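Subject: Structure handover

Hello,

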Amino acid sequence: SAVEDLKAREISERQACSLIGIPRSTCRYEPIPDPLNEKIRTRMRELALKKLRYGSPRLTVLLRREFGEINHKRIERLYALEGLTLPRKRKKKRGILERVAIPVPEGPNERWSMDFVHDSFDSGRKFRMLNIVDDFNRECLRIEVDTSLSGHRVARVLNQLAETRGLPKYIVVDNGTEFTSRAMLEWENDNPASLAFIDPGKPTQNAFVESFNGKLRDECLNENYFLNLMHAREIIENWRLEYNSERPHSSLGNLTPWEFTELWEQEQKILTSEVA
């Protein structure tokens, strides 16, 4: 500090503070450590070890659930002191794409999205995942994991979901061969749900499941080694349940998909009772 520099030149502390224009009490002040900071830092380290791809905003939500309303600046400062900042991935510059407006569903089970994701076992053998997401509450309804997923398999998975929760009005899909296969066209003819195909080369028209795919890749697939199919299914299913029940979503007001759905259902009951 400036006072220390002046003192090194054999100037007294009193004279140094007088020259700079600050009181001596300010120069001698030592901050009193806050015990809550240590508790927050300890818990933050524990959470960061479990949730390797959770950044400061999402950790803030989890910490507030335990410690109450903590100022986000305080958490960000402690987050930086712990050296937990995630490396940022630089995006390539792209031209402006024409975005197609997607009607927002007004309740759960009105519109789903489906897409495939690929990964590989520790041995190098590849496997696939069929992801099905509810576009209203961002709930992941199913992640079907196998080394091969045909159109017949997709139809069978949808029939299983139809038995447990019914089918939506629309299912948004890309133009992959599994979705355009004869098996899926026959399934569409036999069921009330309609397949809504996006334009070729326009993944932004299927933004909800594309966003989910990125989270699955970042928080689960990139953080684990999969020994075999059974091992992969177990880890991915555990992550799916955690995604629905524990992971806060900024697009849902930092609620989980299940919390958001429960709140929506309560609001609908209140509106129904008021109308009655």
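The notes below go from the whole chain to its strands, cysteines, surface and salt bridges.

Overall picture. Please keep in mind that this is a predicted model. The chain has 276 residues, and 38% of them are buried. Its secondary structure comes to 11 helices and 5 strands. The radius of gyration is 26 Å, whereas a compact globule with that number of residues would be near 19 Å. The C-alpha trace spans about 90 × 60 × 40 Å along its principal axes.

Strands. Start with β1, residues 111-120. Of its 10 residues, 8 are buried, so the strand is mostly covered. β1 pairs with β2 (residues 126-134) through 9 bridges, and the two run antiparallel. In that pairing, Met-114 stands opposite Ile-132.

Cysteines. How many disulfides does the structure hold? The count is 0. Cys-140 is in no disulfide, and the nearest cysteine sulfur to its own belongs to Cys-220, 11 Å away. The cut-off applied is 2.5 Å between sulfur atoms. Both residues are covered: Cys-140 is buried at a relative accessible area of 0%, and Cys-220 is buried at 1%.

Surface. Leu-19, Ile-20 and Ile-22 make up a nonpolar patch. Together they have about 260 Å² of accessible area. Ile-22 is in the loop that runs between α2 (13-20) and α3 (24-28). Its relative accessibility is 31%, so Ile-22 counts as partly exposed.

Salt bridges. A search of the whole structure gives 20.

- Arg-65 and Glu-259: the closest N and O atoms are 3.8 Å apart. Arg-65 is in helix α5 (residues 56-67) and Glu-259 in helix α11 (residues 257-275), so the pair ties together parts 194 residues apart in sequence. Arg-65 is partly exposed at 41% relative accessible area. Glu-259 is also partly exposed, at 33%.

- Arg-233 and Asp-146: these side chains meet at 3.2 Å, N to O. Arg-233 lies in helix α10 (residues 229-245) and Asp-146 in strand β3 (residues 140-146), so the link joins distant parts of the chain, 87 residues apart. Arg-233 counts as partly exposed at 37% relative accessibility, whereas Asp-146 counts as buried at 13%.

- Arg-247 and Glu-219: the closest N and O atoms are 2.7 Å apart. Arg-247 is in the loop between α10 and α11, and Glu-219 is in helix α9 (residues 207-219), so this pair ties together parts 28 residues apart in sequence. Arg-247 and Glu-219 are both buried.

There is also a network. Salt bridges with shared partners join Arg-142, Glu-144, Asp-146, Arg-153 and Arg-233. Two of these residues, Arg-233 and Asp-146, form the 3.2 Å pair listed above.

Best wishes

Conventions. Residues are numbered from 1 along each chain as its sequence is written. This is a predicted model: local features need pLDDT of at least 70, side-chain atom pairs count only at pLDDT 80 or more; totals for chains, interfaces and linings use all residues. Side-chain values use heavy atoms; hydrogens and water are left out. Buried means under 20% relative accessible area, exposed over 50%, partly exposed in between (1.4 Å probe, protein chains only). Helices (H or I, at least four residues) and strands (E, at least two) are DSSP runs, numbered from the N terminus. Two strands pair if DSSP finds at least two bridges between them. Patches are made of residues with over 30% relative accessible area and no salt bridge: like charges are joined within 9 Å, nonpolar side chains (Val, Leu, Ile, Met, Phe, Trp, Tyr) within 5 Å. Accessible areas come from the Shrake-Rupley method with a 1.4 Å probe; for residues, only the protein chains shown count as cover. A salt bridge is a side-chain nitrogen of Lys or Arg within 4 Å of a carboxyl oxygen of Asp or Glu. The radius of gyration is taken over C-alpha atoms; the globule rule is 2.2 Å times the number of residues to the power 0.38.
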